[in-house]
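Me: Put the structure up, please. I have some questions about it.

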Amino acid sequence: MSRPVTLPPRNASDHKGTFGRVLLVGGSRGMAGSISLSSIAALHTGSGLVSSAVPDVVLETVAGFHAALMTIGLPAEDGRFSSDAWESLCGRVSTQNAIGTGPGMTTESGSVAIVEGLLKQRQTPVVLDADALNVISSQGWLDGDELARGKDDAAVVFTPHPGELSRLTGVPASDVDGQVRAAGELSKRLGFTIVVKGGPTRVVGRGSDDSPVQTYVNTTGNPAMATAGCGDVLTGVITSLLGQGLCGWDAARLGVWIHGRAGDVAASRISSAGMTAVHLVETLALIADEMSE
Ligand SMILES: NC(=O)C1=CN([C@@H]2O[C@H](COP(=O)(O)OP(=O)(O)OC[C@H]3O[C@@H](n4cnc5c(N)ncnc54)[C@H](OP(=O)(O)O)[C@@H]3O)[C@@H](O)[C@H]2O)[C@@H](O)CC1
Ligand SMILES: Nc1ncnc2c1ncn2[C@@H]1O[C@H](COP(=O)(O)OP(=O)(O)O)[C@@H](O)[C@H]1O
Ligand SMILES: [Mg+2]
């Protein structure tokens, strides 16, 4: 198996705290499934403690998807985060080993405040996906270098699909090479790791502060994964691996590898046309040990 990096084996003395406390922030009325998939994916790839912070109106729905999940209801308006949601969330940020945000959260004012708050803090590693990326492009936050990460700052990982990457960089989704180049420039300028999703997925970033920006081409995954929610699952996987102590570059490479591997196993056990993101997230639990030494 050509895993890009491995996790250490579990020791007899390990406890849930050993494997990280992570938080997934997102969802809205109508898109409660997205952040639930991310959260369950984090549980199924080894995180010790997983919480979902969601608009209060969808708390019961999200909690009902998985008994091991903890849920935090944040202030909501019209089914989505209201502008004071960040105020309720910000005190929890430093208690987490990693945070993933974006799936299903819309780009309204409550989400803008959450994404801004998570980008301004530099202590907790973050994964930004879906509407979190759409907020960043609509606000023009990548225009300057204000968000650039230094060597003591926690990792930032972006997980755009080609449509989201086009909004971030202006390079059309049809220009795959141009998108990877633009992601490389962004990564070099800001110090982020960028997952350019597709078939195949590429990870652009650097392993350490002094190494140049590199591109890793993933070897797993298939078009059976072209079904709603498979990207939401990836958000949770990478968040989980950051929470287990991997750097952005390693978490993203191992994350896309195990995610694609689960997609390959699910497609062969179910069917290419019939597998869904629910099958994908269930399969992750069956094969998660393939990430370990
Ligand atoms: N169960 C749930 O709750 C789920 C909720 N979800 C939530 O829905 C929200 C909207 O997210 P989204 O990704 O569906 O829509 P959007 O950001 O408008 O992107 C689509 C645009 O990009 C373009 N595009 C070009 N190439 C592409 C490519 N390879 N892959 C994908 N797109 C590609 C594409 O072009 P076209 O298809 O027209 O060719 C189109 O113009 C978000 O909050 C998300 O988290 C989902 O996660 C699903 C499960
Ligand atoms: N043809 C394909 N080959 C390999 N992987 C794919 C293919 N189509 C989709 N995927 C994978 O599925 C995921 C889709 O992500 P995304 O578009 O964000 O979905 P969603 O927002 O519905 O969850 C990505 O990880 C992508 O790499
Ligand atoms: Mg997505």
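Me: Where is Asn134 found?

Reply: Asn134 is in helix 5. Helices here are DSSP runs of H or I with at least four residues, strands are runs of E with at least two, and both are numbered from the N terminus. This is a predicted model, so local features need pLDDT of at least 70 and side-chain atom pairs count only at pLDDT 80 or more, while totals for chains, interfaces and linings use all residues. Residues are numbered from 1 along each chain as its sequence is written, chains are lettered from A and ligands numbered from 1 in the order in which they are written, and side-chain values use heavy atoms, with hydrogens and water left out.

Me: Is Asn134 buried or exposed?

Reply: Asn134 is buried, at 13% relative accessible area. Buried means under 20%, exposed means over 50%, and partly exposed is in between, with a 1.4 Å probe and protein chains only.

Me: What does the side chain of Asn134 make a polar contact with?

Reply: The partner is the side chain of Asp131, at 3.1 Å. A polar contact is a pair of N or O atoms within 3.5 Å; within protein, one must be able to donate a hydrogen and the other to accept it, and residues adjacent in sequence count only if both atoms are side-chain atoms.

Me: On to the ligands. Which residues are closest to ligand 1?

Reply: Gly104, Asp131, His161, Arg167 and Asp232 are the closest of the 17 residues that surround ligand 1. To be near, a residue needs a heavy atom within 4 Å.

Me: How far is an oxygen atom of ligand 1 from the side chain of Asp131?

Reply: An N or O atom in the Asp131 side chain is 2.5 Å from an oxygen atom of ligand 1. For Arg167, a polar side-chain atom is 2.9 Å from a ligand 1 oxygen atom. The side chain of Asp232 has an N or O atom 2.9 Å from an oxygen atom of ligand 1. On its own, ligand 1 exposes 910 Å², and the protein buries 48% of that. Accessible areas come from the Shrake-Rupley method with a 1.4 Å probe; for residues, only the protein chains shown count as cover.

Me: Which elements give two or more residues to that shell around ligand 1?

Reply: Helix 1 (32–44), helix 5 (130–139) and helix 6 (162–169) do. Helix 6 has the largest share, with 4 residues. By class, the shell around ligand 1 holds 6 nonpolar, 7 polar and 4 charged residues. Ala, Val, Leu, Ile, Met, Phe, Trp, Tyr, Cys and Pro count as nonpolar, Asp, Glu, Lys and Arg as charged, and the others, Gly among them, as polar.

Me: And which residues come nearest to ligand 2?

Reply: Ligand 2 has 16 residues around it, and Lys197, Thr201, Gly229, Gly231 and Asp232 come nearest. A polar backbone atom of Gly229 is 2.9 Å from an oxygen atom of ligand 2. A backbone N or O atom of Cys230 is 3.4 Å from a ligand 2 oxygen atom. Ligand 2 taken alone exposes 570 Å², of which the protein buries 77%.

Me: Change of topic. How many aromatic pairs does a search of the whole structure find?

Reply: The search finds 1. The ring centres of Phe158 and Phe192 are 4.9 Å apart and the planes are at 55°, so the pair is tilted. Rings of Phe, Tyr and Trp (its six-membered ring) pair if their centres lie within 6.5 Å; planes under 30 degrees apart count as stacked, over 60 as edge-to-face and the rest as tilted.

Me: Where do Phe158 and Phe192 lie?

Reply: Phe158 is in strand 8 (residues 156–158) and Phe192 is in the loop between helix 7 (176–190) and strand 9 (193–196), so the pair ties together parts 34 residues apart in sequence. Both Phe158 and Phe192 are buried.

Me: Where does the charged end of Arg10 sit?

Reply: Over the ring of Phe19, 3.6 Å from its centre. The test is NZ of Lys or CZ of Arg within 6 Å of the ring centre and within 35 degrees of the ring normal. Arg253 also lies over a ring face, that of Tyr216, at 5.9 Å from the ring centre.

Me: Now the backbone. Which residues does a cis peptide bond join?

Reply: Gly199 and Pro200, with omega about 5°. Pro200 is in the loop between strand 9 and strand 10 (202–205). Most peptide bonds are trans, and most residues other than glycine have a negative phi.

Me: What is phi of Asp78?

Reply: Near 50°, a positive value in a residue other than glycine. Asp78 is exposed, at 66% relative accessible area. Thr106, also not a glycine, has a positive phi of about 65°. At 17% relative accessibility, Thr106 counts as buried.
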